[in-house]
Amino acid sequence: MSDSLAILVEVGTALCQTLHLRDLLNAMMERVRIVLDAEACSVMLLDEATQTLRWEVALGTGAGKLQTLSVPIGRGISGRVAATGEVIRIEDARSDPRWQGHRYDQETGFTTRSILCVPIRARDRVIGVIQVLNRRGGPFRDEDQQLLEALAGMGGVAIENARLYENLEEKVQARTAELTRALADLRDTQAQLVQSEKMAALGDLVAGVAHEINTPLGAVASNTDLVGRALAKVKDALGDASQHDRAAGFVDKAAQMADVSREACRRIGEIVRSLRNFARLDEAERKPADLHEGIESTLTLVAHLLKNRITVLRDYGQLPPVDCYANQLNQVFLNMLVNAAHAINGPGEITIRTRVRAADTVTVEISDTGSGIAPENVPKIFNPGFTTKGVGVGTGLGLAICFRIVENHRGKIEVDSTVGRGTTFRITLPIHAVAAATA
């Protein structure tokens, strides 16, 4: 009895060492084969869909060939045990009419003599059988049967736990895959949202930029016409010596108009260049960029919001190139400057201050002398959808996207505001890339 108890403890310990079904069954069959001194043993589990028993693990001569075979419930020794839940013990298989295993012996090359087959139960139902063949020391005994039934009982619990674990693992893997897909979709959506907000911001600037371009363009068109007329008069005057002074006057006027046109073209070129630098559509990779250049390009695009009303004060420090997605940070600067301009009713000032901090970070502060933000709203301003601009004005996504962009650059964005005195947004960024950022 003490030997049986020791064997049960040993098998129980082995079964507790794994939750993977195949490993568990292998461990159980190895010990059954040794303990019962058998030539072969196997464990078969019930396939409820087909009502057959299928070999999960088999040890012995030719056992590998059994993996592709099955036994219908109610047929043969193992099928009868699965159907009735009763143990079958046979001393001489060849003389027992219940044995129908000739086919399996032929498949494996094994010769079956004696059989001990017990059911495996879990929650009061048969889920499989353990079959042991050919005890070397003679026929199977009562104590062999009792020991195998005890082992089968332990095995049933272990098999059920292993199946629950594997089902849980499958569900976890499926859920993980689902969450991974959802995360990828979310990142795609965020990238689209950032781009949509950028396009919306650019759309708001189109009218102002068009005006900024049309004004110098109108000057060029007008001056071109005037220069043409002046040159025609010069041509007429050159035929009369007395008109030379008059012709020289036309030439001087044409030269002046050419200077105006040259300045107008320079202005148009600056606006177009700023728009290109702001968008940086060809720069999809993170690389060192001049933040001051991005700020200046953005200021050019919002000039129509500031002209004759708001003074921009620049307090620039000596900034090194910063590893970043320049087009994304330009979107942040645009949002901050547009918000600052909208916060100022009448004349006011916007101060832009840049500094290097702690040798490995830079800060960009954008301060305005506007109306400020109410204290109860300050914690909410970076929440998606929150806006104080009223219905139909803005999307409430601008600052939320700014926060996301800065966060993805491993930086931070802070705000200080006093109602009636103005607001300061402080953006802190690492000079060198800490990790790859995504939109």
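What percentage of the 439 residues of the protein count as buried? In this predicted model, 43% do, where buried means under 20% relative accessible area, exposed over 50% and partly exposed in between, computed with a 1.4 Å probe on protein chains only. Residues are numbered from 1 along each chain as its sequence is written, and side-chain values use heavy atoms, with hydrogens and water left out. Because the model is predicted, local features need pLDDT of at least 70 and side-chain atom pairs count only at pLDDT 80 or more, whereas totals for chains, interfaces and linings use all residues.

The protein contains 10 helices and 13 strands. These elements are DSSP runs numbered from the N terminus, with helices (H or I) of at least four residues and strands (E) of at least two. Among contacts (heavy atoms within 4.5 Å) with a separation of 6 or more, 66% are between residues 24 or more positions apart.

Helix 7 covers residues 291–301. Of its 11 residues, 9 are buried, so helix 7 is largely enclosed by the rest of the structure. The buried residues are L291, H292, G294, I295, S297, T298, L299, T300 and L301. At the N-terminal end, helix 7 is capped by D290, a side-chain oxygen of which lies 2.9 Å from the backbone nitrogen of H292. A polar contact of this kind is a pair of N or O atoms within 3.5 Å; within protein, one must be able to donate a hydrogen and the other to accept it, and residues adjacent in sequence count only if both atoms are side-chain atoms.

Helix 7 packs against helix 9 (residues 326–343) at an angle of about 45°, and the two axes are 9 Å apart. Axes are lines fitted to C-alpha atoms, for helices over the stretch in contact, and angles run from 0 to 180 degrees between N-to-C directions. Helix 7 and helix 9 are therefore oblique to each other, as angles under 35 degrees count as roughly parallel, over 145 as roughly antiparallel, 65 to 115 as roughly perpendicular and the rest as oblique. Their crossing is right-handed; this term applies if the near helix is turned clockwise from the far one by less than a right angle, and left-handed if anticlockwise. Helix 7 contributes L291, G294, I295, T298 and L299 to the contact, and helix 9 contributes L329, N330, F333, L334 and L337. By class, this contact has 7 nonpolar, 3 polar and no charged residues. Ala, Val, Leu, Ile, Met, Phe, Trp, Tyr, Cys and Pro count as nonpolar, Asp, Glu, Lys and Arg as charged, and the others, Gly among them, as polar.

Helix 9 also packs with helix 10 (residues 398–408), at an angle of about 145° and with the axes 9 Å apart. This crossing is left-handed. The residues in contact include Q328, L329 and V332 of helix 9 and G398, L399 and I401 of helix 10. The contact has 8 nonpolar, 5 polar and no charged residues. Helix 10 is mostly covered, with 8 of its 11 residues buried, including A400 and N408. R410, which follows helix 10, has a positive phi near 60°.

Two loop residues were also examined. K65 is in the loop between strand 2 (52–59) and strand 3 (70–72). Leaving aside residues up to four places away in sequence, K65 touches E107 and T108. A359 is in the loop between strand 10 (348–357) and strand 11 (361–368) and is exposed, with a relative accessible area of 70%.
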